[in-house]
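Reader: Hi, I have a structure open and I would like to go through it slowly. Could you help me read it?

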Amino acid sequence: MSESTPITPNPNPSEALDSVVINPSDQAIATATRSAKTRQMLGMKGAAPGETSIWKIRLQLMKPITWIPLIWGVVCGAASSGNYIWSLENVLKAATCMLLSGPLLAGYTQTLNDYYDREIDAINEPYRPIPSGVISERQVITQIVLLFLSGIGLAFILDVWAGHEFPNVTALAVFGCFIAYIYSAPPLKLKQNGWLGNYALGASYIALPWWAGHALFGDLNWKIVVLTLFYSLAGLGIAIVNDFKSVEGDRQLGLQSLPVMFGITTASWICVVMIDLFQGLVAAYLVSIHENLYAAILVLLIIPQITLQDMYFLRDPVANDVKYQASAQPFLVLGMLITGLALGHAGV
């Protein structure tokens with residue numbers, strides 16, 4: 001048996017420690033890689049290519065980051081109905097409606113949009129699944145069909161669960177899918193027109209899930225429909241924010257987004273004026289129905305949005321679009337809930 005080698009303590013332990021310390025530049029690269037992969041999964045700008053899992057690729061097509069406002073819209077609609085009571089059954093109903101509005105129908109919309117935007121994405125976002133070639137067009141079409149059928153089926157289940165004589169939620173789901181189709185697909189392709197396309201997008205993110213939540217727990221009436229369509233004009237401004245990342249591709253392919261039509265600076269001002277103005281007008285309406293406290297809270301939520309617009313968006317809308325949305329949109333969506341609570345309290 002061979003004699004074992006004795007272990008000699010290192011007289012300079014700091015050298016041993018130095019040998020295992022991670023280079024700060026390596027840490028930065030690892031952090032940036034994780035960030036890029038997270039962005040890829042959520043469907044955000046600045047993602048990284050190279051994903052191989054087909055399920056992660058399918059999820060990337062559905063852009064989970066876009067589900068949040070639709071899920072929140074259901075909450076606002078439930079609040080505006082004035083009939084939501086905290087119970088296990090109502091929580092399950094609301095959660096099911098959020099699944100419908102977010103992962104299924106928003107996922108359908110985003111996958112459909114990616115399919116018809118594959119040429120633009122090849123210029124603006126070549127790391128997206130279709131232009132990068134990591135998923136076939138046939139697989140994408142299959143995903144679109146399955147999400148559509150699942151969404152309509154779940155909407156019908158919600159109507160039966162709520163005891164609706166007329167399938168309100170199903171009708172809204174079909175209507176929303178139709179709007180998503182004409183937004184993305186020729187011959188109409190509403191997104192080719194900056195005003196129509198952005199309003200369709202804004203209404204889809206504010207009005208449609210709001211109507212679904214309201215219809216699930218109450219009677220959807222024309223006042224709620226008109227007011228949320230009006231509120232969606234602020235959503236039009238939010239939709240314009242998304243156009244700044246694709247100016248070059250839109251210009252090359254002849255899409256008349258507002259940044260292409262008016263230029264970066266003018267379009268950024270149109271964007272922020274619409275976001276602030278129509279929220280302010282909704283606050284004025286709340287005053288008119290004597291919901292003064294809710295109106296005051298809504299105004300207080302508009303102020304930080306204006307501040308962040310000046311700090312980030314108006315200074316460089318192309319570079320700061322994501323930073324602005326991340327910092328300002330929480331105040332906008334909280335204002336939506338305040339409005340929903342006010343409408344429910346007033347019995348509108």
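Author: What follows is a talk about aromatic rings, cysteines and the spaces inside this structure.

Reader: What kind of model is this, and how are residues numbered?

Author: This is a predicted model, in which local features need pLDDT of at least 70 and side-chain atom pairs count only at pLDDT 80 or more, while totals for chains, interfaces and linings use all residues. Residues are numbered from 1 along each chain as its sequence is written, and side-chain values use heavy atoms, with hydrogens and water left out.

Reader: ok, how many aromatic pairs does the structure hold?

Author: The structure holds 10 aromatic pairs, where rings of Phe, Tyr and Trp (its six-membered ring) pair if their centres lie within 6.5 Å, and planes under 30 degrees apart count as stacked, over 60 as edge-to-face and the rest as tilted. One of them joins Trp210 and Tyr231, with centres 6.1 Å apart and planes at 50°, so this pair is tilted.

Reader: And where do Trp210 and Tyr231 lie?

Author: Trp210 lies in helix H10 (residues 194-217) and Tyr231 in helix H11 (residues 222-241), so the pair ties together parts that are 21 residues apart in sequence. Helices here are DSSP runs (H or I, at least four residues; strands are E, at least two), numbered from the N terminus.

Reader: Are Trp210 and Tyr231 buried or exposed?

Author: Both Trp210 and Tyr231 are buried, where buried means under 20% relative accessible area, exposed over 50% and partly exposed in between, with a 1.4 Å probe and protein chains only.

Reader: What about Phe230 and Phe278?

Author: Phe230 and Phe278 form an edge-to-face pair, 5.2 Å centre to centre with 75° between the planes. Phe230 is in helix H11 and Phe278 in helix H14 (residues 264-288), so this pair links distant parts of the chain, 48 residues apart. Phe230 is partly exposed at a relative accessible area of 29%, whereas Phe278 is buried at 13%.

Reader: Switching topic, how many disulfides are there?

Author: The count comes to 0 disulfides, a disulfide being a pair of cysteine sulfur atoms within 2.5 Å. As for individual cysteines, Cys177 is buried with a relative accessible area of 4%, and Cys271 is buried at 0%.

Reader: Now the spaces: how much lies in the largest pocket?

Author: The largest pocket holds about 1200 Å³ of space. On a 1 Å grid over the protein atoms alone, a pocket is an open set of points with protein on both sides within 12 Å along at least five of seven lines, a cavity is a set where a 1.4 Å probe fits but cannot get out, and lining residues have an atom within 4 Å of a point.

Reader: Which residues are closest to the centre of the largest pocket?

Author: Of the 46 residues lining the largest pocket, Thr66, Tyr205, Asn242, Lys245 and Gln325 are the closest to its centre, and helix H16 gives the most to this lining, with 9 residues.

Reader: And how many cavities are there?

Author: A search of the whole structure finds 2 cavities of 30 Å³ or more, and the largest cavity has a volume of about 320 Å³. The largest cavity is lined by 23 residues, with Leu70, Leu105, Gly176, Ser204 and Leu208 nearest its centre.

Reader: Which helix gives the most to the lining of the largest cavity?

Author: Helix H9 gives the most to the lining of the largest cavity, with 8 residues.

Note on methods: Grid points are joined across faces, edges and corners, and a volume is the space filled by probe spheres set on the points.
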